[in-house]
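User: I am new to this structure and would like to learn how to read its features step by step. Could you take me through them, giving the general idea before each case?

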Amino acid sequence: MSRTPLLAGNWKMHGTRSEAVALARALAAAIGSVAGREVAVAPPFTALEAVAGALAGSGIGLAAQNVHWEPKGAFTGEVSAAMLREAGCTHVIVGHSERRQYFGETDATVAKRLGAALAGGLIPIACVGETLAEREAGETAAVIARQVAAVLAGAGAGIARCVLAYEPVWAIGTGRTATPAQAEEVHAAIRRQVAGTAGEAVAAGLRILYGGSVKPDNIDALMAEADIDGALVGGASLEAAAFARIVRYRG
Ligand code: PGA
């Protein structure tokens, strides 16, 4: 089963509106047209609409970094799927480890956000990943299985429209990438788990991205693994040339 790779840039809390537009223009120019892969970027909320304009006609998708599960209401600081769609979003990241670590995101809230994203016509990029302490305690498989089970519960049959991202917390922003073999082991386990719940065909079509210190010099080896279907890139996505090289990986 061939899966179109997705290379997504997570800009996190980087970029005023004008900075984000400049980066989007530079990226669109550096990437040009690439066949056989999808590209998306996730600027901060305040820059979404302006970046949508800057990316028009480029083929690069637009992702938000979070979404609330209710369509509207008294939820100060939150943003709904319809608001994101209107701003031009095609995708939304849910359950990023920084949300889980610093903002109280849990498996239950991730599942609710995921359901709202799907219902609102957005493609969720659902993140899972273990901490260093969990890895060192030999708990990686159990932690990932628990997080993936929540993703499956939140998505239901919509899992076929989701993208998953395995992002070991100890590899994010640390320069310490998982080795291709370490990542592949987890990716293959995630795919087996999805097959068990949603069936072989859905699992075979599901894209599972790797994230955590992805750079131009390690993307090729990561993409050579059978179950790695793209990357969620933080730091290196803020530099047009670096992200363009990642998009043009040689797997
Ligand atoms: P990084 O971030 O590439 O800077 O490690 C990845 C992510 O958090 O998605």
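User: Which residues line the second largest pocket?

Analyst: Rolling a probe the size of a water molecule over the atoms shows where empty space is left. In this model, which is predicted, the second largest pocket is lined by Arg135, Thr140, Ala141, Ile144, Ala145, Glu185, Val186, Ala189, Ile190 and Gln193, and about 160 Å³ of space lies in that pocket. Helix H7 (140-155) and helix H8 (180-198) each supply at least two residues of this lining, with H8 giving the most, 5 residues.

User: How much space lies in the largest pocket, and which residues are the closest to its centre?

Analyst: The largest pocket holds about 460 Å³ of space, and of the 17 residues that line it, Lys12, Met13, Gln65, Arg99 and Phe103 are the closest to its centre. Helix H4 (residues 97-102) gives the most to this lining, with 3 residues, while the lining as a whole divides into 8 nonpolar, 5 polar and 4 charged residues.

User: At what angle do helices H1 and H2 pack?

Analyst: Two packed helices are described by the angle between their axes and the distance between the axes. Here H1 (residues 17-31) and H2 (residues 48-55) pack at about 25 degrees, with their axes 9 Å apart. That angle makes H1 roughly parallel to H2, and the crossing of H1 and H2 is right-handed.

User: Which residues of H1 and H2 meet?

Analyst: Arg17, Ala20, Val21, Ala24, Arg25 and Ala28 in H1 meet Ala50, Val51, Ala54 and Leu55 in H2; the residues of this contact divide into 8 nonpolar, no polar and 2 charged.

How values were computed:
Residues numbered from 1 in each chain as written. Predicted model: local features only at pLDDT ≥ 70, side-chain atom pairs only at ≥ 80, totals over all residues. Heavy atoms only, no water. Axes fitted to C-alpha atoms, helices over the stretch in contact; angles between N-to-C directions. Helix = DSSP H or I, 4+ residues; strand = E, 2+ residues; numbered from the N terminus. Parallel < 35°, antiparallel > 145°, perpendicular 65-115°, else oblique. Left-handed = near helix turned anticlockwise from the far one by under 90°. Contact = heavy atoms within 4.5 Å. Nonpolar A, V, L, I, M, F, W, Y, C, P; charged D, E, K, R; others polar. 1 Å grid on protein atoms, 1.4 Å probe; cavity = no way out; pocket = protein on both sides within 12 Å on 5 of 7 lines; lining within 4 Å. Points joined across faces, edges and corners; volume = space filled by probe spheres on them.
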